[in-house]
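Colleague: Hi! I'm new to this one, could you walk me through it?
Modeller: Happy to, here it is.

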Amino acid sequence: MKVSKRFKSISKISTLFAVVVLSVLMLTVTVVAEPGGNETGILDDEILAPNVDSSALRDLIGVDGSQPLEIILLITILSVAPSILLMMTSYTRIIIVLGFLRNAMSTQSTPPNQILTGLALFLTMFIMWPVFTQINEEAYRPYVNGEFESAWEAVEAAGRPMKTFMLRQTSNSNMTFFMNLAEATMYDIDEEGNQVPVLPTGDVNLLNYQEQLSFRVVIPAFMVSELSRAFQMGFLLFVPFLIIDMVVASTLMSMGMMMLPPAMISLPFKIMLFVLVNGWQLLIGSVVKSFGYG
């Protein structure tokens with residue numbers, strides 16, 4: 001009985017492997033059969049040339065989607081692109097602060113993850129709207145109107161507003177840390193025209209050096225700065241709710257109610273406090289103002 005089960009499992013695995021191999025072979029072999037066409041089934045360079053020259057993907061990442069491996073690479077990039085864009089916006093700080101709020105109130109799964117994610121996404125759109133508008137005016141519309149010679153110029157134009165936004169939220173200490181790791185430098189020009197190295201200390205404005213700072217250094221420094229600031233805001237959120245937990249716990253102990261969970265008693269008081277002080281407006285207003293709005 002065990003042998004038959006093993007044989008069936010091995011046969012299923014071998015069949016699946018054969019199907020995968022055949023699928024890969026079918027994708028890699030391209031046969032073109034047209035009347036009066038090339039009998040070898042290989043596309044002529046004259047047919048491929050117009051598509052290659054007019055491919056915006058080839059201008060951007062060197063992929064035009066004409067080969068199976070390039071299609072796999074393109075699908076991989078598209079699947080990772082949303083995560084990359086979210087990490088370059090205000091989404092990280094917002095979703096972490098909302099998560100800290102839920103943990104501080106001890107409401108477990110209320111609000112649900114879908115609600116917090118949706119709220120974070122819409123707040124991200126609200127905060128990033130001026131940046132998106134600038135990208136539309138300076139990069140997308142000129143590219144559609146044919147004002148750029150290549151798609152890469154449009155990408156560079158779109159990257160400037162994003163870099164400006166990230167540098168405004170990046171601390172100098174984190175920028176110094178990643179510049180030391182990458183062995184990158186910033187410099188000024190003295191009166192004699194020589195380059196003078198500059199360290200991103202506390203009195204240096206990073207916006208004045210955004211042309212010298214690459215995304216390789218700016219993006220990780222921005223992400224670490226967002227995590228640090230989100231954890232600082234989370235600590236401030238925990239303080240009032242922690243005081244309520246301590247008061248309730250000490251009261252129950254003084255009354256001799258050792259078996260009654262303090263979290264069960266403190267939860268209604270936390271919700272009541274949050275509602276009375278109009279907590280959602282205070283929280284969202286603080287998060288939005290932390291990005292320089294208002």
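Colleague: What should I know about the model before we start?
Modeller: This is a predicted model, where local features need pLDDT of at least 70, side-chain atom pairs count only at pLDDT 80 or more, and totals for chains, interfaces and linings use all residues. Residues are numbered from 1 along each chain as its sequence is written, and side-chain values use heavy atoms, with hydrogens and water left out.

Colleague: Okay, how much space lies in the largest pocket?
Modeller: The largest pocket holds about 1200 Å³ of space. A pocket here is an open set of points on a 1 Å grid over the protein atoms alone, where a 1.4 Å probe fits, with protein on both sides within 12 Å along at least five of seven lines. Grid points are joined across faces, edges and corners, and the volume is the space filled by probe spheres set on the points.

Colleague: And which residues lie nearest its centre?
Modeller: Ile84, Leu85, Met88, Val155 and Ala158 do, out of 30 lining residues, where lining means having an atom within 4 Å of a point. The elements giving two or more residues to this lining are helix H3 (56–61), helix H4 (68–87), helix H6 (113–144), helix H7 (151–169) and helix H9 (215–254). Helices are DSSP runs of H or I, at least four residues long, numbered from the N terminus.

Colleague: How many of the lining residues are nonpolar?
Modeller: The lining has 22 nonpolar residues, plus four polar and four charged ones. Ala, Val, Leu, Ile, Met, Phe, Trp, Tyr, Cys and Pro count as nonpolar, Asp, Glu, Lys and Arg as charged, and the others, Gly among them, as polar.

Colleague: Let's zoom in on Met88. Is it buried or exposed?
Modeller: Met88 counts as buried because its relative accessibility is 11%; buried means under 20% relative accessible area, exposed over 50%, and partly exposed in between, using a 1.4 Å probe and protein chains only. Met88 lies in the loop between H4 and H5.

Colleague: What does Met88 touch?
Modeller: Not counting residues up to four places away in sequence, Met88 touches Met162, Phe165, Met166, Phe215, Ile219 and Phe222, with contact meaning heavy atoms within 4.5 Å. The C-alpha atoms of Met88 and Lys163 are separated by 9.0 Å, although the two are 75 residues apart along the chain.

Colleague: Switching topic: which residues touch the most other members of the largest nonpolar core?
Modeller: Met175 and Met186 do, in a core of 47 residues. Such a core is a set of buried Ala, Val, Leu, Ile, Met, Phe, Trp, Tyr and Cys residues joined through side-chain atoms within 4.5 Å. H5 gives the largest share, nine residues.

Colleague: Now Lys270, where is that one?
Modeller: Lys270 sits in helix H10 (residues 262–276). Lys270 is buried, with a relative accessible area of 1%. The side chains of Lys270 and Asp245 are joined by a polar contact of 2.9 Å, that is, a pair of N or O atoms within 3.5 Å; within protein, one must be able to donate a hydrogen and the other to accept it, and residues adjacent in sequence count only if both atoms are side-chain atoms.

Colleague: Last one: which peptide bond is cis?
Modeller: The bond from Thr110 to Pro111 is cis, with omega near -5°. Pro111 is in the loop between H5 and H6. Gln108 lies in the loop between H5 and H6, and has a positive phi of about 60° although it is not a glycine.
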